[in-house]
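Hi everyone, thanks for making the time today. I'd like to walk you through one model, so please have the viewer open and follow along as I talk.

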Amino acid sequence: MKPEKRSFILGNGRLITLGEENRIIRNGSVVIEDNLIKDLGNTEEMKKRYPDLKFLDVKGKVIMPGLVNVHHHLYSTFACGISTEPAGNFVEILEKLWWKLDRALLLDDIYYSSVIPLIKCIKSGTTTIIDHHASPNAIKGSLKRIAKACKKIGVRSVLCYEVTDRNGSAEAGKGIRENTGFIKKYGRNQDEMLGALFGFHASMTLSDKTIKKAVKAMADKNCGFHIHVAEDKADVEDSRSKHKKPVVHRLQDLGVLGEKTIAAHCIHVNEEEMDILAQTGTTAVNNPSSNMNNAVGTADILKLLQKGVQTGLGTDGMTSNMLEEVKTAFLIQHHQKNDPRVAFVEAVDMLTKTNPKIASRYFKHKVGVIEKDAFADIIVVDYYPFTPMNEDNFYGHFVYGIGSSLIDTTIINGKILYQNKKLKGINEEKLNATAATFAQNVWKRIQDQ
Ligand SMILES: [Zn+2]
């Protein structure tokens, strides 16, 4: 017997569809059937069309698609509150914090360091993430643990393992196998909640031999890579001195770039490299708060966009809250360019239009948009506009109104995971307490290194 479908109407709200033709339906409703959006429109019409369905009344709040984060590091969770030696530059930040933390992670730590930020995703309205994971002493099975956390909490996720040669070629081989094994299971849009990419750390920690081996293993997979590109000048200097070419040229020559590949950061790329990214259809991802935190520079997103590079927005593990990040994205550009007119529309477009397009490539149905046949990933925001709101001025309301309002309800894959600002079926207090115990052990292992 087939399980009964979960069908209901979520309505009586200001419905914002996003997508290419963002529509605002003043008294709108979405009809959800199982894990997909079946219909949308005026509340009275939807009630008439589907008289037998249960009606969830949002009482005038905003109904909109769940948000998407296209570059996250769930494992960064256990860095919260840690004290490490001060680092004077990006390479020192990697050596003194991130590479110590990732080496200390064991499989159970990975699970608990994933569930916590996934809960934060739900509470901040992020319903799909693209993650980038590293745990050199627990490579085999690491993606399976993150996948288990994603399924338990219910956030749609695209996963990969960051292959690197920084701890030797044997370990790079393990990383390659972890990716290929996961891709075999989740690589062809086979699963409704999980997708896969092939992860690389960054050009500066990868040998040609390892990259070639990975590219060969991926030849017939139609999957794409996920790699940090020119995040810091150190990555550029390394590529120029060892390989006599800039990072993007190197990755192009080795066959890493392409329409499903994600190049995170792209700060220190020249115009020729931007052209290559555009020609190969490679996606760039801007992570402004992380870049400011690491003092690595500001990506020229306006130039990237002008050159035709698909550019999305990520958080690089700094936060799971995309409404925070979008604000940072245009503020840093205003500051950098000394011009208050630039990058506002571009930043909101990156989050609301481009991120959904990027993530939708790894699944059977669209995410990040309210339209028929898209995945039912929907949020309700506690926002009652106090100035006129329409399609023409929506971006201002999105950033300054919705962006500082509370998420009331989060639905992912048709399941209500958070309602009236309360998690459903997740004991956050207990998970936090367990995570804190694991984090304490991780911190001890870091001190012992
Ligand atoms: Zn990153």
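**A walk through the model**

Let's start at Val369, which counts as buried because it has 23 C-beta neighbours inside 10 Å. Before I go on, keep in mind that this is a predicted model. Val369 sits in the loop between helix H13 (344-360) and strand E15 (378-381). What does Val369 touch, if we leave out residues up to four places away in sequence? The list is Thr17, Leu18, Gly19, Pro65, Pro356 and Ala374. For a sense of distance, take Ala263, which is 106 residues from Val369 along the chain: the two C-alpha atoms are separated by 24 Å.

Now zoom out to the domains. The protein chain is divided into domain 1, made of 7-66 + 365-423, and domain 2, which is 72-360. Their C-alpha centres lie 29 Å apart. The contact between domain 1 and domain 2 takes 23 residues from domain 1 and 25 residues from domain 2. Which elements of domain 1 supply at least two residues each to the side that touches domain 2? Those are helix H14 (394-400), strand E16 (407-412) and strand E17 (415-419).

Not counting residues up to four places away in sequence, Leu159 touches Asp131, His133, Leu143, Ile146, Ala147, Phe182, Leu194 and Ala196.

Next, let's follow H3 and its helix partners. One of them is helix H15, residues 428-448: the axes of H3 and H15 come within 9 Å and cross at roughly 135 degrees. That angle makes H3 oblique to H15. The crossing of H3 past H15 is left-handed. On the H3 side the residues are Asp108, Asp109, Tyr112, Ser113, Val115, Ile116 and Ile119, and they meet Glu428, Leu431, Asn432, Thr434, Ala435, Phe438 and Val442 in H15.

Another partner is helix H4, residues 142-153. Here the axes of H3 and H4 come within 8 Å and cross at roughly 35 degrees, and H3 passes H4 in a right-handed crossing. From H3 we have Leu107, Ile110, Tyr111, Ser114, Val115, Leu118, Ile119 and Ile122, meeting Ser142, Arg145, Ile146, Lys148, Ala149, Cys150, Lys152 and Ile153 in H4. If you compare the lists, Val115 and Ile119 of H3 turn up in the contact with H15 and also in the contact with H4.

One more helix pair, and then we go to the loops. The axes of helix H5 (residues 169-186) and helix H6 (residues 208-217) come within 11 Å and cross at roughly 20 degrees. H5 is therefore roughly parallel to H6. Their contact is made by Ser169, Ala172, Ile176 and Thr180 of H5, with Thr210, Lys213, Ala214 and Ala217 of H6. As for handedness, H5 passes H6 in a right-handed crossing.

Asp34 has phi near 55 degrees, a positive value in a residue other than glycine. Asp34 is in the loop between strand E2 (24-33) and strand E3 (36-42), and it counts as partly exposed because it has 14 C-beta neighbours inside 10 Å. Then there is Ala295, with phi near 50 degrees, again positive in a residue other than glycine. Ala295 is placed in the loop between helix H10 (288-294) and helix H11 (301-306). Is Ala295 buried or exposed? With 12 C-beta neighbours inside 10 Å, Ala295 counts as exposed.

Last stop: Lys242, in helix H7 (residues 233-243). Lys242 has 13 C-beta neighbours inside 10 Å, so it counts as partly exposed. Lys242 and Ser207 are 35 residues apart in sequence, with their C-alpha atoms 9.8 Å apart in space.

Definitions and conventions:
Residues numbered from 1 in each chain as written. Predicted model: local features only at pLDDT ≥ 70, side-chain atom pairs only at ≥ 80, totals over all residues. Contact = placed C-beta atoms within 7 Å. Axes fitted to C-alpha atoms, helices over the stretch in contact; angles between N-to-C directions. Helix = DSSP H or I, 4+ residues; strand = E, 2+ residues; numbered from the N terminus. Parallel < 35°, antiparallel > 145°, perpendicular 65-115°, else oblique. Left-handed = near helix turned anticlockwise from the far one by under 90°. Domains from an automatic or database assignment. Buried ≥ 20, exposed ≤ 12 C-beta atoms within 10 Å, placed from the backbone.
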